[in-house]
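Hi everyone, thanks for making time today.

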Amino acid sequence: MSEMKDFVYQTARTLPVILLLDTSGSMFENNKIGAMNHAVRDMLTSFKHYSSTVASISVAIITFGGASANVHLPMTAIDELDLSAFQDMEANGMTPMGEAISIAKSIIENKEQIPSRAYRPTVVLVSDGMPNDRWEEPLEEFKHEGRSAKCYRMAMGIRVDRGSDAYNVLKNFTSDEEQVFDASDAAEISKFFRYVTMSTTARIKTANPNLVPSMEEVFAQPQVDSSEIDDDFPF
Amino acid sequence: MYRHIPNQDAFKYRAYGYGCVMAAADGVGSDRYSHFGSRAVVQAVHEAFCAYIRGDISRAEITRSITKHYILKLKKRYRSAASTTCIFAAHIAGQGLYLGQIGDGMICGSIDGQPFLLRGGSDSFTNIVVPLSPMRPSPVWNTKFIPEGCLASIRLMLATDGVSEDVLPGREADLTEYLVDRVNAGRACERQKKLLDILENWATPKSLDDKTIVLYRYSRNKPEGKEYG
């Protein structure tokens, strides 16, 4: 005999978060890589501990350093992630950012990894310098073609001067200067990832998880003001 | 961060002398007054079909009339933030079945025993759609007309995206069949309660989006004519 579960999905809709993280040799200076590892672990731990009634979070991490970009963590539902097995990222080599963007695009366009019923993904780019591979064309494709064009993008520059070429790459990625964040030390790296964490968890609490709150909204106290509700039926 | 948001879905079903009209709508979550928008558009669907039956408008003008009535029903101060999706069906005696959709959600089931699906929404991610809005000129409706000669039997479900996004691909007609049979087994006074029970105990985990289903069943050979759930 049929039951409802024979006709509907038995898994929750997901809210995907994709991190593109610079692990080039310069990230070794001032232990930026250590601060980033710590902040990412905190973020994953927060995601895991957070109990959502609206959506599940899934995370993928793509690193770009050495000679190529790599999938450090394939798209994984946060409930299934074993944090004890999560490996820290290491810094060395060049900055193949373009390749990382292409890998992210292939993940996003793959409906087996991110199905159509998933919410709009958040893609986060973190870098401390200029890419040194072909990045312009992959970035243009990412921003303007296919499903990746509909993703929400944010970026953090670590010790990247505003107005510099490296900063302009990040601004180009987000298409919105307000979504480019500056970090000069471990505390600010941590704050940025807390913003990613809190904006993600805030999204899955709302009636429309495709809406991304600003940093001000995320760090403000939550308010419920029923006096704002206007139930005056307008007919 | 939590905001109290009223239920943004709306629906209206009514049988008229000329047939029956049903509509469901889902207000866009980001719009402050979208719950007004969804209520306005379901009412507008009914008014448009009544205008069509009176001869005030042609068949080609039905969706334009829906849009016009929807906008007129909203006070000016709500119009900038009252976007909504809409799905409708109108079974007009002697003519046929009019179906229409804007935004996401779906109309599915079987017609003369053949599976049927009219579905909108984005192929990219859930909830990313082009809704109906007074701020967006020239809305594009997805419509279909099935003449009466092809309508020996109808089993139809109109479902907003809180339902349609969770249905397994290819199982839409089967789900309609299951719900129509389940809801109609038993007394007429219990039908809505049964459907409400299914929606409130939805089988997909963590699926708390607003949900609305309208079921319609018709058989030409039934001596009592039309039945609906």
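Helices (H or I, at least four residues) and strands (E, at least two) are DSSP runs, numbered from the N terminus. Please keep in mind that this is a predicted model, where local features need pLDDT of at least 70, side-chain atom pairs count only at pLDDT 80 or more, and totals for chains, interfaces and linings use all residues. Residues are numbered from 1 along each chain as its sequence is written, while chains are lettered from A and ligands numbered from 1 in the order in which they are written.

Let's begin with chain B. Ala24(B) sits opposite Ile87(B) of E3(B). That pair belongs to strand E2 (residues 19–27) and strand E3 (residues 84–92) of chain B, which are antiparallel and joined by nine bridges.

Now zoom out to the sheet. In what order do the five strands of this open sheet in chain B come? The order is E1-E2-E3-E4-E7, with antiparallel pairing. Strand E1 (9–16) and strand E7 (142–147) of chain B are at the edges with a single partner strand each, so each has one side without a neighbour in the sheet. On average, neighbouring strands here are turned by 5° against each other, direction ignored. For all the angles I quote, axes are lines fitted to C-alpha atoms, for helices over the stretch in contact, and angles run from 0 to 180 degrees between N-to-C directions.

Helix H1 (residues 34–54) of chain B packs on this sheet and touches E1, E2 and E3 of chain B, its direction making about 160° with that of E2(B). By contact I mean that the C-beta atoms of two residues, placed from the backbone, lie within 7 Å.

H1(B) also meets helix H2 (residues 62–72) of chain B: their axes come within 8 Å and cross at roughly 135°. H1(B) and H2(B) are therefore oblique to each other. Angles under 35 degrees count as roughly parallel, over 145 as roughly antiparallel, 65 to 115 as roughly perpendicular and the rest as oblique. Residues in the contact include Ala44(B) and Phe49(B) of H1(B), and Ile66(B) and Tyr70(B) of H2(B).

As a whole, chain B has five helices and ten strands. Its C-alpha trace spans about 50 × 45 × 35 Å along the principal axes.

On to chain A. Here an open sheet of six strands runs E3-E2-E1-E4-E5-E6, and the pairing is mixed. Strand E3 (68–77) and strand E6 (180–183) of chain A are the edge strands, each with a single partner strand, so one side of each lacks a neighbour in the sheet. From one strand to the next, the twist averages 15°. Inside the sheet, strand E1 (residues 14–22) and strand E4 (residues 122–127) of chain A run parallel, joined by five bridges. Leu19(A) has Val124(A) as its bridge partner in E4(A).

Two helices lie across strands of chain A. H5(A) lies across E1, strand E2 (56–65), E4, E5 and E6 of chain A, at about 145° to E6(A).

Last, a helix pair: how do H1(A) and H5(A) lie relative to each other? The axes of helix H1 (residues 32–49) and helix H5 (residues 186–203) of chain A come within 9 Å and cross at roughly 25°. H1(A) and H5(A) are therefore roughly parallel to each other.

Note on methods. Two strands pair if DSSP finds at least two bridges between them.
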